[in-house]
Amino acid sequence: MSMSFTIEAEKRDEQGSSASRRLRRAGKLPAILYGADKDAVAITLDHNAMVHNLKEDAFYSHILSVKLDGKTEKAILRDVQRHPFKPTIYHVDLMRVSANQPIRVSVPLHFHNEEEAKGVKLGGGMVSRMINELEVECLPGDLPESIDIDVLEMDVGDTLHISELKLPEGVQSVALMHGEDYDYAVVSVVLPRAAKTDEEEGEEAEAEAAEAEGGEEAAGGEEASGDEAESEDKE
């Protein structure tokens with residue numbers, strides 16, 4: 001079900017660290033609303049309401065409705081400053097959006113059928129996620145709540161890259177805008193380390209033995225060179 005978020009805001013005249021501390025003691029949160037070729041506005045939000053909203057993953061990738069001075073503006077969450085360990089928010093940045101101007105937002109990835117995946121159920125593998133969100137560019141009206149990824153048919157050794165994701169129409173991956181070198185892996189199915197085959201373990205053992213042998217030869221060569229040099233010194 002699609003979610004919607006409405007934020008009640010008030011303009012604030014006092015700014016600075018002292019004013020911000022007073023606001024927080026009163027249960028308020030200093031914030032700023034900017035963008036869309038309009039002046040930035042210093043605003044105040046309800047702290048507890050914002051804490052509640054931030055518990056929802058969808059809040060980070062949704063178009064928010066900001067009510068200010070009897071008008072509603074559309075915006076997205078751009079930054080949140082938090083206390084290092086207390087459940088306290090220091091400041092919030094909200095950026096206005098325009099219907100005809102593309103925006104860049106990190107959208108959560110939702111993985112489906114992880115336990116039923118072919119490589120998990122039949123191959124004894126496990127699903128390994130490389131990323132849990134994807135930065136996309138699109139018009140505000142095309143912004144998806146999430147991107148669904150079905151791993152049902154993935155076998156052991158399979159890897160899904162960004163270019164293989166099914167993005168909604170009008171939505172582009174920001175990473176791929178930089179070229180093929182940025183086609184990062186998203187998810188793969190791998191064998192747990194303890195489940196490696198005897199053949200794989202044998203190959204690893206051979207490789208380690210070869211490395212060790214090469215190291216011994218190199219050490220032997222260095223020792224021989226040292227003996228020769230010592231002999232020349234004596235002469």
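**Arg12**

I started with Arg12, which sits in the loop between strand S2 (10-11) and helix H1 (17-25). I kept in mind that this is a predicted model. What is the nearest side chain of opposite charge to Arg12, and how far away is it? I found Asp93, at 7.7 Å. A salt bridge needs the charged atoms within 4 Å, and Arg12 has none, although this residue is buried.

I then looked up which backbone oxygens lie by the polar atoms of the Arg12 side chain, and I noted two. The backbone oxygen of Ile43 is 2.7 Å from a polar atom of that side chain. The backbone oxygen of Ala31 is 3.0 Å from a polar atom of the Arg12 side chain.

**The loop between S3 and S4**

Next I went to the loop between strand S3 (28-35) and strand S4 (38-46), where I found Ala36. Asp37 lies in this loop too. I checked phi for both. Ala36 has a positive phi, near 60°, and is not a glycine. For Asp37, also not a glycine, I noted a positive phi of about 60°. I wrote a reminder beside these: most residues other than glycine have a negative phi.

Asp37 counts as exposed because its relative accessibility is 75%.

**The largest pocket**

I turned to the pockets. The largest one holds about 290 Å³ of space. It has 14 lining residues, and the closest to its centre are Tyr60, Leu77, Val105, Ser106 and Glu133. Which elements give two or more residues to this lining? I got strand S6 (71-82), strand S8 (103-112) and strand S10 (133-138). S6 gives the most, with five residues. I sorted the lining by type and wrote down six nonpolar, two polar and six charged residues.

**The second largest pocket**

My last stop was the second largest pocket, with about 220 Å³ of space. Which element gives the most to its lining? I found that strand S11 (residues 147-150) does, with four residues.

Notes
Residues numbered from 1 in each chain as written. Predicted model: local features only at pLDDT ≥ 70, side-chain atom pairs only at ≥ 80, totals over all residues. Heavy atoms only, no water. 1 Å grid on protein atoms, 1.4 Å probe; cavity = no way out; pocket = protein on both sides within 12 Å on 5 of 7 lines; lining within 4 Å. Points joined across faces, edges and corners; volume = space filled by probe spheres on them. Nonpolar A, V, L, I, M, F, W, Y, C, P; charged D, E, K, R; others polar. Buried < 20%, exposed > 50% of the residue type's maximum accessible area, 1.4 Å probe, protein only. Lys, Arg positive; Asp, Glu negative; His and termini not counted. Polar contact = N/O pair within 3.5 Å; in protein donor to acceptor, adjacent residues only side chain to side chain.
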